[in-house]
Amino acid sequence: MGGDDLRDEGVYEQLRRDQYLWRRAREMGLSRRRFLGMLAAGGTWAALGGGAAGLRRIAHAAPAPPSPMHVKPTPPELFIPFGSNMEMRWEQMTGRGFLVPNELFFIRNHTPTPRIDPAAWRLRVEGSGVARPLELTYNDLLSLPDVSVRRYVECAGNGRSFFEVQYGKRASGTQWRLGAVGVAEWTGVPLREILDRAGLKRTAVDVMPEGLDGPIRVLRPMSVAKAMEPDTLVVYAMNGHPLPPDHGFPARVLVPGWIGIASIKWVGRIEVSETPLYSPFNTESYVMIGPSYEPQGRALGPVLSVQNVKSALELPWPAELRAGRQVIRGRSWGPHAITRVEYSLDRSVTWRAARIRDASAPRSWVRWEFEWDARPGDYSLRVRATDAEGNTQPAGVPFNELGYLYNAVVGHPVTVV
Ligand SMILES: Nc1nc2c(c(=O)[nH]1)N[C@H]1C(S)=C(S)[C@@H](COP(=O)(O)O)O[C@H]1N2
Ligand SMILES: [Mo]
């Protein structure tokens, strides 16, 4: 590969990716020859069994106009556009595998996607909470011990539009339905490996990753306890591919079970502190503001961290179905394992159990299904999930101005013809 021009970003990324896949292949005991043969045959991650189960190429009806906000195509068949944010269309998950393909994963950007040169990128770990501040290059990061986990990322505002449905009053922010969530297989280095190398002090309390997306500085602290959990990672691959630019290339933080803003993309710096840290993202936004909430210290309201239980149907909104026997599918997710999923065809009068199709795991989702002999008419299909801690989706949730954590049962409009 000596003739490749590494200043060309495409060549560089491809090379990095091949090296990365080769490393995985070697770990699985494949010979280099066999590995190169697989690459030549067009097989990459799927052939290595690396978690691409169920991925298939998405056929685009028409080439999408390039968005100045994003790098990947965001055609209207796949996404509901909200400026710099893109909501996944849930009907696109019908019959798919466990993971959301990178092409279909929702995007939540406070700024247009920045393009970062991995050769110039550095991750600095510094602050009063570490004894040996350090700086990692992209290669350093890739050579540290890695793990792969299947976890969801979900925006704190997912479901926000239903505040208006419930209260007739709009919460401010992107009017998502339920598509600001996705499960991927994330590969990266446990943050605790990095903090240990930086000489984490016993007196450290907060860890704050910061993004490289100017002009807005996007940064938000988490507790040292959360930072040290084995699945809190600095991630460089998503579903077996280098992290796409829109999802944080070259590296992002993954904070499973917490609201999406904790999972800082394009991370360039991690501050570790012996005193509590604050940013606009844990004082002014991503806090609960409203009649049922009081300010807390410097924050305008209770500070959000852990997500809650939610469900969505893999159907268009609204959906039109043919009368007759059919299988209705969807998914439920939350910070704890989902143990029960029920559905109601009669506006919450009677509930029946849906069939859960996956082994439940915390900070992930399960697919489920039920059979329906649908008669013509208008319906509001409802689903509610319960987790291992006994949390169930409620009938309604108190209003908050910024529209976070709406997890009440939602009526999905369906017309059967
Ligand atoms: N640097 C940076 N990190 C960020 C954001 C951002 O705008 N800048 N958005 C956050 C929010 S609000 C969410 S919900 C998730 C979305 O991740 P995704 O775009 O990969 O789906 O990224 C988080 N990390
Ligand atoms: Mo978010």
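**Legends to the close-up views**

**View 1. A backbone N or O atom of H110 lies 2.7 Å from an oxygen atom of ligand 1.** The model shown is a prediction, in which local features need pLDDT of at least 70 and side-chain atom pairs count only at pLDDT 80 or more, while totals for chains, interfaces and linings use all residues. Residues are numbered from 1 along each chain as its sequence is written, chains are lettered from A and ligands numbered from 1 in the order in which they are written, and side-chain values use heavy atoms, with hydrogens and water left out. The side chain of D213 also approaches the ligand: one of its N or O atoms is 2.7 Å from a nitrogen atom of ligand 1. In H247, a polar side-chain atom lies 2.7 Å from an oxygen atom of ligand 1. On its own, ligand 1 exposes 530 Å², and the protein buries 100% of that area (accessible areas come from the Shrake-Rupley method with a 1.4 Å probe).

**View 2. The shell around ligand 1 holds 19 residues.** A residue is near the ligand if one of its heavy atoms lies within 4 Å of it. F106, H110, D213, H247 and K265 come nearest. By type, the shell divides into nine nonpolar, six polar and four charged residues; Ala, Val, Leu, Ile, Met, Phe, Trp, Tyr, Cys and Pro count as nonpolar, Asp, Glu, Lys and Arg as charged, and the others, Gly among them, as polar. Ligand 1 takes up the space of the largest cavity (on a 1 Å grid over the protein atoms alone, a set of points where a 1.4 Å probe fits but cannot get out).

View 3. P215 belongs to the loop between β8 (206-211) and β9 (222-223); strands (E, at least two residues) and helices (H or I, at least four) are DSSP runs, numbered from the N terminus. P250 is found in the loop between β11 (241-242) and β12 (252-254).

**View 4. Y286 has a positive phi of about 60°.** Y286 is not a glycine. Its place is in the loop between α7 (280-283) and β14 (310-313).

**View 5. Five strands form an open sheet in the order β5-β4-β13-β8-β9, with mixed pairing.** Because β5 (134-136) and β9 stand at the edges with a single partner strand each, one side of each has no neighbour in the sheet. Two strands pair if DSSP finds at least two bridges between them. Strand β4 (residues 123-126) runs antiparallel to β5, joined by three bridges. L123 stands opposite L136 in β5.

**View 6. An open sheet of five strands has the order β15-β22-β21-β17-β18.** Its edge strands, β15 (319-321) and β18 (352-353), each pair on one side only. The pairing in this sheet is mixed. Strand β17 (residues 338-344) and β18 run antiparallel and are joined by two bridges. E342 stands opposite A353 in β18.

Terms used: A polar contact is a pair of N or O atoms within 3.5 Å; within protein, one must be able to donate a hydrogen and the other to accept it, and residues adjacent in sequence count only if both atoms are side-chain atoms. On a 1 Å grid over the protein atoms alone, a cavity is a set of points where a 1.4 Å probe fits but cannot get out, and a pocket is an open set with protein on both sides within 12 Å along at least five of seven lines; lining residues have an atom within 4 Å of a point. A molecule sits in a cavity or pocket if more than half of its atoms lie within 2 Å of its grid points.
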